Amino acid sequence: MTATPDLAHAPTVATPELFRSVFRRHAAGVAVITARGERPVGFTATSLTSVAAEPPLISFGIGTTSSSWPVLSEAEHVGVHILGEHQRELATTFARSGADRFGPSTDWSSGPEGVPLLAGVSAWLVCRVVSRVPAGDHRIVIAEVVAGAPAGADRPLVYHQGRFTALRD
């Protein structure tokens, strides 16, 4: 027997609102992407994906209207930070428009290739950008891992239904 989708809700024509509504139901891990510029930049991402193991490649999406895009559009290297469940405030800071993301409340240092690395994260990577693929109002950045560490054994921070949350057993 083949399972069918719940058709109690009539299908809706594809719109940005429908798209957002559907993806709010998709739980995603939370990462912060950083890059070095005249001033460091960074943003919260839920689009981080493992692409390949040989060579080790990742991808993430960034909106071309993001305040971080001008630096990311030219960056040779990026930092990728996997957040733990205790880092909701950090995720919120890097998601908030106009926030002082690298201000006194953010513990960070310059890592390999000068990439800003955040302290206290579950894991981090430094990656060399190999491609920026146009995708609607975003770019998909593909990058090769050049360094990293699984820094902690924290449970992951998750984004679901429009908020940061934790996994439950």
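This dialogue reads selected features of one predicted model.

Trainee: What should I keep in mind about numbering and confidence before I start?

Mentor: Residues are numbered from 1 along each chain as its sequence is written, and side-chain values use heavy atoms, with hydrogens and water left out. Since this is a predicted model, local features need pLDDT of at least 70 and side-chain atom pairs count only at pLDDT 80 or more, whereas totals for chains, interfaces and linings use all residues.

Trainee: Which residues have the most contacts inside the largest nonpolar core?

Mentor: In soluble globular proteins, nonpolar side chains tend to be buried together. A nonpolar core is here a set of buried Ala, Val, Leu, Ile, Met, Phe, Trp, Tyr and Cys residues joined through side-chain atoms within 4.5 Å, where buried means under 20% relative accessible area, exposed over 50% and partly exposed in between (1.4 Å probe, protein chains only). The largest such core has 17 residues, and those with the most contacts inside it are Ile33, Phe43, Phe60, Leu72 and Val78. At least two residues of this core come from each of β2 (31-35), β3 (41-45), β5 (56-63), α2 (69-72), β6 (77-82), β9 (123-135) and β10 (138-149); these helices (H or I, at least four residues) and strands (E, at least two) are DSSP runs, numbered from the N terminus. Another core, of 11 residues, lies apart from it and has Leu83, Ala91, Phe94 and Val121 among them.

Trainee: Which residues does valine 78 touch?

Mentor: Contact means heavy atoms within 4.5 Å. Leaving aside residues up to four places away in sequence, valine 78 touches Ile33, Thr34, Ala35, Phe60, Leu72, Val115, Leu125, Val126, Cys127, Val129 and Ala143.

Trainee: How many bridges join β6 to β9, and how many pair β9 with β10?

Mentor: Strands of a sheet pair through backbone hydrogen bonds, either parallel or antiparallel, and two strands are taken to pair if DSSP finds at least two bridges between them. Here β6 and β9 run antiparallel and are joined by 6 bridges, with valine 80 having leucine 125 in β9 as its bridge partner. Strands β9 and β10 pair in the antiparallel sense over 11 bridges, and alanine 135 has histidine 138 in β10 as its bridge partner. These two strands form a hairpin with 2 residues between them, and glycine 136 in the turn has a positive phi of about 60°.

Trainee: What is the strand order in the open sheet of 3 strands?

Mentor: The order is β1-β11-β12, with antiparallel pairing. Strands β1 (28-29) and β12 (163-166) stand at the edges, each with a single partner strand, so one side of each is left without a neighbour in the sheet. Between β1 and β11 (residues 157-160) there are 2 bridges, and alanine 28 stands opposite tyrosine 159 in β11.

Trainee: How many salt bridges does the rule give?

Mentor: Side chains of opposite charge can pair when their charged atoms come close. With a salt bridge taken as a side-chain nitrogen of Lys or Arg within 4 Å of a carboxyl oxygen of Asp or Glu, the count comes to 2 salt bridges. In one, the side chains of glutamate 85 and arginine 155 meet at 3.7 Å, N to O; this pair links distant parts of the chain, 70 residues apart, with glutamate 85 in the loop between β6 and α3 (88-95) and arginine 155 in the loop between β10 and β11. Glutamate 85 is partly exposed, with a relative accessible area of 30%, and arginine 155 is partly exposed at 32%. In the other, arginine 128 and glutamate 144 meet at 2.8 Å, N to O, and this pair joins strand β9 to strand β10 across 16 residues.

Trainee: Which loop holds glutamate 113, and which holds glutamine 161?

Mentor: Glutamate 113, in the loop between β7 (108-110) and β8 (116-118), has a positive phi of about 60° although it is not a glycine. Glutamine 161, in the loop between β11 and β12, likewise has a positive phi, near 55°, in a residue other than glycine.
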